[in-house]
Amino acid sequence: MRGKVTSRSSRFILVIFTAITFLSYGGRVYGGITSTFIRSEWPSVDIPFDNEAFAVPKGHNAPQQVHITQGDYDGKAVIVSWVTSDAPGLSIVNFGTSPGRYTLSAEGTMTNYTFHDYKSGYIHHCLLEGLKYDTKYYYKIGEGESSREFSFQTPPKIGPDAPYKFGIIGDLGQTYNSLSTLEHYMHSGAQAVLFVGDLSYADRYQYNDVGLRWDTWGRFIEKIAAYQPWLWSAGNHEIEYMPYMGEVIPFKSYLHRYATPYLASKSSSPLWYAVRRASAHIIVLSSYSPFVKYTPQWMWLREEFKRVDREKTPWLIVLMHAPIYNSNNAHFMEGESMRSVFESWFVRNKVDVVFAGHVHAYERSYSVGRGKLWIIASCIQMLYWVIIKSDLFSTCRIKYLFLCGARILFNQPRLLGFCLSMEQDIFGFKSMGCRVGDACNLVTSHLGVVLDNYLLTKLSSKK
Ligand SMILES: [Fe+2]
């Protein structure tokens, strides 16, 4: 949907079903640069290999790069993944609901791969099933003195009133700003991460360092990812098609290292899948896999939309890497092919919000699609939101706070202007029923400055 943006400060009200409220702190402001925010001089360079942020855990063959993700469709299973570097070791997770008392255990699988001359460690994936909702679990991996213990909290039972707080991170990388992003995120109170692609940026390296940078990234995120699930989607930096190095299998490192519960949603590929968590149905798409008519992803998505039950999960969220709208010259129309295929489906199925990454500049669109409630938020680095309550008969709100951090481009503060009003010249977004609202804030991760903040208010669970 293309049109002219007339105000960054707006409130949308879709009378029958959903109201989307954009809150502005500056009164009525027109497009262009909409924030005086200037990025910090924090160096946007990769953290060196020997930095403590990438420290290898002590002990022979100690598990490292520990991370978890949702393991089933409804949040009663978790996949625990880790790497052992010296020997295969055991793919066993001991777990239970009391610290130090592991009454349950599960055995997973081990895999490894080569990338040019790099040989990965032993990568373990273990599914913990039959978990209780809303319960804290403690788990232990590794052997003897090298074993390590972590914990996670399962989500509440699927339902329209289940409150939950998700974080969204994309394009993270492993720079000093990435570190700042993670540190801010740790204080956000969010309970799970929806990751919108571009994980390690290891593909910016050559030869063995590609694999080694995947290892450092795995250790880098462990302090969060071992304790709460990150739901993965793949970006262009996961493709790693490098024929000059003899590497021609797309997503090789990513698929070996980062598991997804794709079979639970009847997907044929880990690159696209869906989960339900609390009051949200989350659909993950792959921007860099075939999606035109009759391809597996197209056919899967058509069926997945039929499985959405708005009575149980009133919030319908789509994740992808390349935004189908963006106003960044460097990524002009990169999402256009997916837009042409799926936009009408999103509108018809009343998707609430689409989150994407890739452009390294925060953008939030106006509502898209003839009065329907779909909007796009294209972001970088981090944003998080709160599902405060999702009740059919009372006011339901999602609160979004946006945090930007690591891989941002310096000397281009104008990019942040797009967050509040889209670039009109390339893609505008039709604004409907706009009214000047309250506060519109965006939060940057390393400064904590609020620059964008808006509410999505759902007045009916169904649409
Ligand atoms: Fe990207």
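In the predicted model, helix H4 (residues 296–307) and H5 pack at an angle of about 5 degrees, with their axes 12 Å apart. The axes are lines fitted to C-alpha atoms, for helices over the stretch in contact, and angles run from 0 to 180 degrees between N-to-C directions. H4 is therefore roughly parallel to H5, given that angles under 35 degrees count as roughly parallel, over 145 as roughly antiparallel, 65 to 115 as roughly perpendicular and the rest as oblique. Helices (H or I, at least four residues) and strands (E, at least two) are DSSP runs, numbered from the N terminus. On the H4 side, Trp298, Leu301, Arg302 and Phe305 meet Val341, Phe342, Trp345 and Phe346 of H5, where contact means heavy atoms within 4.5 Å.

Residues are numbered from 1 along each chain as its sequence is written. Because the model is predicted, local features need pLDDT of at least 70 and side-chain atom pairs count only at pLDDT 80 or more, while totals for chains, interfaces and linings use all residues; side-chain values use heavy atoms, with hydrogens and water left out.

The iron ion has as protein donors Asp198 (OD), Asn236 (OD1), His321 (NE2) and His358 (ND1), at 2.0 to 2.1 Å. Donors are N, O and S atoms within 2.8 Å of the metal (3.2 Å for Na, K and Ca); water is not among the atoms, so sites may look incomplete. Angles among the four donor atoms span 90 to 165 degrees, and the site is irregular. Four donors count as tetrahedral if all angles lie between 85 and 135 degrees; four count as square planar and six as octahedral if opposite donors are over 155 degrees apart and all others between 65 and 115; anything else is irregular. Along the chain, the donors follow the spacing D-x37-N-x84-H-x36-H. Distant parts of the chain are linked by Asp198, in the loop between strand S14 (192–195) and helix H2 (208–225), and His321, in the loop between strand S18 (315–319) and helix H5 (336–348), 123 residues apart. Asp198 and His321 are both buried; buried means under 20% relative accessible area, exposed over 50%, partly exposed in between (1.4 Å probe, protein chains only). Tyr201 also lies in the loop between S14 and H2 and is buried, with a relative accessible area of 1%. Between Tyr201 and Gln174 the C-alpha to C-alpha distance is 7.6 Å, at a separation of 27 residues in sequence.

Four strands form an open sheet in the order S6-S5-S11-S12, with antiparallel pairing; two strands pair if DSSP finds at least two bridges between them. Strand S6 (104–107) and strand S12 (148–153) are the edge strands, each pairing on one side only. From one strand to the next, the twist averages 25 degrees. Strand S5 (residues 92–96) and strand S11 (residues 136–141) run antiparallel and are joined by three bridges. Asn94 stands opposite Lys140 in S11, and Phe95 opposite Tyr139. S11 pairs with S12 in the antiparallel sense over six bridges, with Lys140 opposite Glu149 in S12.
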